[in-house]
Amino acid sequence: MSALDELRQLRRGGVQVRKSDNRAAFWFLAPWFAGLLLVTIGPVVASFALGFTKYNLIQPPKFIGFDNFARVLSDSRLHNALRVTFTYVLVSVPLQLACALGVALLLNRGLRGLAFYRSAFYLPSLLGSSVAIAVLWTQVFGTDGLVNRLLGFFGVEGRGWISDPDTALSTLIVLNVWTFGSPMIIFLAGLRQVPEVYYEAAAIDGASRWAQFRRITLPLLSPILFFNLVLQIIHAFQSFTQAFVVSGGTGGPSDSTMFYTLYLYQQGFSRFDMGYASALAWFLLLIIAAFTAINFWAAKYWVFYDD
Amino acid sequence: MLRGVRRGTAWAVLLSLTASLLAACGSGTEAGADLTTEKVTLRFTWWGADDRHKRTQQVIEMFQRKHPNITVKGEFKEWNGYWDSLATTMAANDAPDIMQMDELYIASYAERGALLDLNEAKKHLDTANFDQKALATGAIAGKQYGLPVGLGMYSIMVNLDLLAKYNIPVPDDTKWSWDDLRKIGEQVSKAGGGQVFGVQTPGINDAAGLSIRARQQGKAMFDADAKVVLPQEIARDYWQYILDLAKSGVAPPPSVSVEKASAGLNQSATATGTAAFGLWWNTQLTALTAASGAKLKLLRLPGETQGTSPGAYYKPSMFWSVSSRSKYPAESAAFVSFLANDDEAAKVLLTERGVPANQKIRESIAGQLKDTDKAAKEYLDTVPVSDPPRITPNGASTLDTILKRHTEDVLFGRTTPDAAAAAFIREVQSEVDAAR
């Protein structure tokens, strides 16, 4: 019996799960449970409590009620951080998904050496949030960097892209778009699921390529698009490393790369205000939850499930 | 076979884990007690560049030869990462035993109870050869939270090779003004043709520059009660000056300045020979000479004779501090004492951390100094100074980054010097208030 059959039977209640199996499973999972409790749930609960305190990391926390949450409303640097983060999310995610879908469509046409291209395009998304790539970025977009050399070749005068507040955020957006590999792989898998007969039938009816894409590919792919959208938005809200490394931890120049998470980090570890940082972490959770809820609500109107 | 190997590894891991747990449960010592004869490990952390790491490691080995039962584990970082990681380890109750501490942070850590009063470990820490005034720079409310390591002074570093190349005479620094600096910078920029500039943009990595401006006019950044008393006009003039430098091409374009300033000493305009004048600590002469390969000279600050008093002062370049939660305060103090007083150690460390605050050591190493170190020492011995400002108060340790942001806002035209001055003063005050 294959594993899949076994699973099916399990779902139908056809198989009695032995108690000893349960116990064994528990012990095998125990290290993971321990990690979850100690490293994830513990700090999450603690940060909720700390959100109501003034806590400087060294002396014991002091209860101050809702002061930290009230400060969220009046903190103008936080509002700037929110603007930067929203710009980053709302510009980079659609661009990234468009690239991912575009390349997936190209790759789906049965290219020779597909495995190679797939890996080549996927690679950046493995590296994208690493420190090494962020360091590379500062070189590529620096005053004497690759981009300026290229521009110089065409006679265009470059500038310090990362050290100019007007362009610094754009370099981070480009970095995020460049990591389109992981949604691309998921799109590619989705494209493989679209039955070929639909296209054949449409072609016989004289539908153009564009019509085929709009009427067949897009609707059938919409659940996958939805999945990628939700995932990448959450992911983008949590971006930290790129901004931290590129700006040397300052969020500069002029707070132009001050991501929400970076601001939160600075509050906790540079200003020693862990209470406010904890409150900010929970506020971010609310923002992400709101975005995800909106996404799910909107999904009713554009996501098509072919059941 | 394979299984045997795996099991062996598992046991080894388990044993080492148990061993480290047991070590962590060791009883520890009192600050005033005798040195232990048991095997102990101290953790020692500092910031700096490669040269410092090599010298410090050498001194650690010398100490370990004298105390075979004490192992000192060095942990070193760059300035920025250093403070992030120190805060994190403090929060995790895992702070290193001995820390290199800075004037900017010492009050923030001490007033939160993170540092040991070194007087408790007097028995192991010899401070006889320190000037009382120097010691006082590391004391808060009568408690000695840091032992000053070296002294430094703010200076203008000039690239003599560049001036010679463009046939510009070295300015007379005994009575020059900030205007004189701008004018000579203009000559350099004109001759440099867009490749070399007159003055490296100040105000990005050096909050001390603003403080110096205030001091020259008899004012200060903070008063004794940690209130921000910096007059808004002084801050406004400071940023107006920086803006004028950038606009007139005396300093490099803003984005170049910001990029170079955040890339560290070796990438700075002074080190890359792309600016003739720069504000630096006098003790950085050696490192910058090595990095630039040019002939550099220390000049006095401009504006020292036009105002009411000299802005220059002796700044403790850094302190040695011991964590209040150290399990081995006595041994840590003994190590600090070795760093500060041992002749052999001094011969290795020389003036890399500033001209030694220990007066006996300062004289004993005088004969071994390189030309650049000698010049730094001579600068310290001859340039007129006034009393040092108060220690940066608790909460204001982000002063430098606040200043940098406002400088960027001004340079990129996002605010005016006047608005930046007002916002800066308000922001620093609120940081100090928030830490209370």
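This is a predicted model: local features need pLDDT of at least 70, side-chain atom pairs count only at pLDDT 80 or more; totals for chains, interfaces and linings use all residues.
Local features are reported only at pLDDT of at least 70 and side-chain atom pairs only at pLDDT 80 or more, whereas totals for chains, interfaces and linings use all residues. Residues are numbered from 1 along each chain as its sequence is written, and chains are lettered from A and ligands numbered from 1 in the order in which they are written.

**View 1. The two domains of chain B and the side on which domain 1 touches domain 2.** Domain 1 comprises residues 19-150 + 316-377 of chain B, and domain 2 comprises 154-312 + 395-434; these bounds come from an automatic or database domain assignment. The centres of the two domains, taken over C-alpha atoms, are 31 Å apart. In domain 1, 15 residues are in contact with twelve residues of domain 2, contact being defined as C-beta atoms, placed from the backbone, within 7 Å. Helix H4 (103-110) and helix H15 (371-382) of chain B each supply at least two residues of this side of domain 1; helices (H or I, at least four residues) and strands (E, at least two) are DSSP runs, numbered from the N terminus. H15(B) gives the most, with four residues.

**View 2. Helix H17 of chain B and its buried face.** H17(B) spans residues 417-434, and its 18 residues reach 25 Å from first to last C-alpha. This is close to the expected 26 Å, where the expected span is 1.5 Å times one less than the number of residues. Pro417(B), Ala420(B), Ala421(B), Phe424(B), Val428(B) and Glu431(B) are the buried residues of the helix. A residue is buried if 20 or more other C-beta atoms lie within 10 Å of its own, exposed if 12 or fewer, and partly exposed in between, with C-beta atoms placed from the backbone. Seen down the helix axis, the buried residues fall within an arc of 105 degrees and so line one face of H17(B); the arc is that of the directions from the helix axis to the C-beta atoms. Helix H9 (232-247) and helix H16 (399-411) of chain B are among the elements covering these residues. On the other side of H17(B), Arg426(B), Ser430(B) and Asp433(B) are exposed.

**View 3. Ala141(B), a residue other than glycine with positive phi.** Most residues other than glycine have a negative phi. Phi of Ala141(B) is near 50 degrees. Ala141(B) lies in the loop between strand S4 (139-140) and strand S5 (143-144) of chain B. Ala141(B) counts as exposed because it has 8 C-beta neighbours inside 10 Å.
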